[in-house]
Protein chains: 2
Amino acid sequence: MAPDIEVIPDGSVTTPQGFLAGAIYAGIKTYGEDKLDLGILYSEHPASAAGTFSTNKVLAGSVKVTQRQIARGTARAVVVNSGCANCCVGEQSIKDALETIALTARKLGVPQEEVLICSTGVIGVELPMGLIREALPKITLSREGGHAFARAILTTDTRPKEIALALSIGGRQVHIGGCAKGAGMIHPNMATMLAFLTTDAAIDPPLLRTMLKEAVDASFNMIDVDNDQSTNDTVLLLANRASGAPLLQPHTPEADLFQQALTQACVSLAKDIVRYAEGATKLIEATVEEAPTLQDARRAARAIVSSNLVKTAVYGGDPNWGRVMMAIGKSGTPIDESRVALYINDICVMEGGVPIPYFKNALVNSMKAREVRFRVRLGLGTARATAWGSDLSEAYVTLNSAYST
Amino acid sequence: MAPDIEVIPDGSVTTPQGFLAGAIYAGIKTYGEDKLDLGILYSEHPASAAGTFSTNKVLAGSVKVTQRQIARGTARAVVVNSGCANCCVGEQSIKDALETIALTARKLGVPQEEVLICSTGVIGVELPMGLIREALPKITLSREGGHAFARAILTTDTRPKEIALALSIGGRQVHIGGCAKGAGMIHPNMATMLAFLTTDAAIDPPLLRTMLKEAVDASFNMIDVDNDQSTNDTVLLLANRASGAPLLQPHTPEADLFQQALTQACVSLAKDIVRYAEGATKLIEATVEEAPTLQDARRAARAIVSSNLVKTAVYGGDPNWGRVMMAIGKSGTPIDESRVALYINDICVMEGGVPIPYFKNALVNSMKAREVRFRVRLGLGTARATAWGSDLSEAYVTLNSAYST
């Protein structure tokens with residue numbers, strides 16, 4: 001990554017100037033080790049806001065309400081609950097989302113239109129509003145609250161996922177903070193989990209939207225855990241100008257640098273989601289090179305990390321590269337077998353469409369590491385993309401066969 | 001099914017008149033309990049032939065050659081090997097497919113153009129032609145050979161899958177026979193395994209193709225084991241007129257009856273593939289009703305049986321219907337939540353977009369059976385489709401994490 005971008009140790013969504021956060025245990029989440037389940041993220045200053053949302057046609061009430069609110073391009077706060085998805089309960093989900101927003105707006109003294117809401121958890125049960133009404137006013141916001149907020153959004157996640165970066169714009173230090181949750185029901189082509197990003201840079205809503213989409217397409221939309229798409233997935237980005245840096249202008253070196261940092265933050269969170277996914281033992285990284293178009297490269301890379309047969313082969317440390325070819329073949333990406341080269345952990349196993357006599361024992365040995373890399377050269381163009389996926393273990397099945405009962 | 005269609009006990013591809021088959025162990029398949037791995041299916045009379053093939057862009061040499069051969073619309077024989085997919089080995093796969101065809105044509109005394117070939121097994125290794133040259137001439141064909149042929153096509157399948165039906169056309173008894181293999185790498189939208197169908201009815205190639213496509217779309221294209229698509233999948237149908245029944249004409253009651261029987265045979269084989277799939281403990285049947293179009297109904301039904309989260313929930317006997325809603329939502333099928341009703345094993349769990357207070361213990365109890373049925377009413381039209389899938393167990397992962405090594 002660029003030397004101009006610095007990772008801040010122990011960073012969070014409250015690392016950027018002017019953001020406060022906090023969380024509490026309301027009693028909604030009855031599983032998991034981390035019992036915080038209701039959190040608020042708050043900007044002390046007016047902030048530009050952008051979001052990307054699930055493409056699932058069944059959407060949680062919280063998502064529908066946030067989509068409507070964020071259209072205005074500004075927001076002051078986000079309220080989040082885990083444990084209940086607020087989905088598939090009819091009109092009640094809209095009412096409960098709006099009431100939770102109203103409670104938050106009242107607590108913070110900001111207009112209701114400036115509050116966004118996200119929910120994650122079990123589908124088909126109503127938000128326990130009694131618990132929320134009681135707990136929400138008790139949340140304490142602070143500059144250190146980012147870590148508590150990051151824990152409050154978790155469901156079956158095994159750990160919080162956080163990041164903060166610093167970069168310089170117009171002589172001012174600017175920060176990007178982020179946290180994410182996601183353990184299952186994760187598949188490319190949508191914002192496949194919850195992620196919250198903050199920055200003290202000054203960015204108007206139209207540019208903020210463009211930048212968020214570009215970052216999400218290269219990160220959260222390139223990961224796969226289990227081919228499934230949630231009804232609640234949301235990525236939100238708030239930019240509150242508190243750094244005092246000048247307003248970012250499109251197509252400038254400063255905008256490029258910020259874009260690079262934002263994408264880096266999203267990729268870091270996305271990879272953490274996959275690395276610590278339900279039942280995951282290994283991170284799979286698939287890079288497809290020399291594709292005709294970026295779309296082709298992305299489609300092929302995602303097909304590799306999404307394939308159950310590739311996932312199980314990686315879990316077993318089996319260099320079964322035929323499954324990678326099968327996955328690319330079914331992706332719809334153009335392919336000319338005679339031009340394809342395939343590498344596992346940088347060891348070439350196939351070139352010009354035919355297997356090469358690689359040293360199998362050495363490759364099997366290298367696949368015991370926590371990360372397994374596939375690289376495919378298609379020989380048909382110059383586009384390139386990388387996707388990340390979890391492997392598939394018996395533990396995934398065990399975890400997911402006993403979730404709601 | 002129609003009372004005019006009779007299931008013949010212990011039937012096979014050689015139940016229809018004029019078909020012989022046989023198989024041998026050539027030594028290609030080094031796993032599985034059933035060691036037959038090279039088989040021939042032969043029609044004593046000229047036969048119309050139709051096929052459907054994998055939509056994967058990486059195709060086995062055997063598939064490419066068979067696609068070319070079958071374009072003429074007639075065939076006398078099919079040669080099949082298991083243990084090696086004859087795929088991803090470059091031009092050698094074409095040469096080996098053609099040589100195997102030539103050996104078969106010489107043995108049977110038929111033109112090479114009239115022989116089709118299918119292969120299934122590991123990708124990325126060449127067909128062991130030395131073994132095939134030695135074993136193929138020793139295959140003995142007989143009227144009882146259908147069962148041996150059905151065993152020779154198996155890979156990790158736990159049992160053969162066969163069917164035979166009888167019906168009456170123009171006062172003559174007509175038969176349909178079939179066998180199939182498929183245990184993993186099975187997903188809708190292609191002919192997702194190997195299946196061979198025979199009939200002694202008289203059907204010209206154009207009608208035969210139409211009928212096969214219709215039957216495959218309602219059966220093999222509606223099943224899912226693991227979301228993956230093989231590079232070798234093929235369904236072949238041979239019609240040799242040996243029954244003496246009159247030539248079937250399109251759009252007649254006889255053609256409708258035959259179509260019904262052909263679809264029934266394919267559905268039976270397709271359900272057996274799912275029922276006895278790798279690591280499967282339960283058959284999932286998903287029916288989507290009141291969809292705007294047949295395509296919408298099929299897409300939604302397939303999304304349900306393809307979802308890893310639905311599969312694991314069924315494995316665990318967990319009535320987690322939110323996952324069914326998630327799966328329909330991501331399928332792209334139009335949905336209006338307020339009109340949706342959802343039944344598990346005929347027990348209604350959701351109606352008008354809101355959960356209903358079903359008796360959970362009774363439903364959990366009913367989900368312990370070997371078959372679990374989901375029924376969804378979309379309330380948007382009149383189209384209806386059914387799909388079948390396996391559940392996802394720890395055993396699937398264990399089996400597939402140690403396949404080639």
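Q: How many residues of chain A are in contact with chain B?
A: This is a predicted model. In it, 53 residues of chain A are in contact with 53 residues of chain B.

Q: And which elements of chain A give two or more residues to that side?
A: Helix H8 (308-315), helix H9 (321-330), strand S14 (354-355) and helix H11 (394-400) of chain A. H9(A) gives the most, with seven residues.

Q: What classes do the residues on that side of chain A divide into?
A: There are 23 nonpolar, 23 polar and seven charged residues.

Q: Changing topic to the sheet in chain A. What is its strand order?
A: The order is S9-S16-S11-S15-S12-S13-S14, in an open sheet of seven strands with mixed pairing. Strand S9 (223-224) and S14 of chain A are the edge strands, each pairing on one side only.

Q: How do S11 and S16 of chain A pair, parallel or antiparallel?
A: Antiparallel, over seven bridges. Leu283(A) stands opposite Ser390(A) in S16(A).

Q: Which helix packs on the sheet?
A: Helix H7 (residues 294-306) of chain A, which touches S9, S11, S15 and S16 of chain A. The direction of H7(A) makes about 20° with that of S16(A).

Q: Over to chain B. At what angle do the axes of H1 and H2 of chain B cross?
A: At roughly 60°, and the axes come within 8 Å. That makes H1(B) oblique to H2(B). The crossing is right-handed.

Q: Which residues meet there?
A: Among them are Gly61(B) and Val65(B) in H1(B), and Ala97(B) and Ile101(B) in H2(B). By class, the contact has five nonpolar, three polar and two charged residues.

Note on methods:
Residues are numbered from 1 along each chain as its sequence is written. Chains are lettered from A and ligands numbered from 1 in the order in which they are written. This is a predicted model: local features need pLDDT of at least 70, side-chain atom pairs count only at pLDDT 80 or more; totals for chains, interfaces and linings use all residues. Two residues are in contact if their C-beta atoms, placed from the backbone, lie within 7 Å. Helices (H or I, at least four residues) and strands (E, at least two) are DSSP runs, numbered from the N terminus. Ala, Val, Leu, Ile, Met, Phe, Trp, Tyr, Cys and Pro count as nonpolar, Asp, Glu, Lys and Arg as charged, and the others, Gly among them, as polar. Two strands pair if DSSP finds at least two bridges between them. Axes are lines fitted to C-alpha atoms, for helices over the stretch in contact, and angles run from 0 to 180 degrees between N-to-C directions. Angles under 35 degrees count as roughly parallel, over 145 as roughly antiparallel, 65 to 115 as roughly perpendicular and the rest as oblique. A crossing is left-handed if the near helix is turned anticlockwise from the far one by less than a right angle, and right-handed if clockwise.
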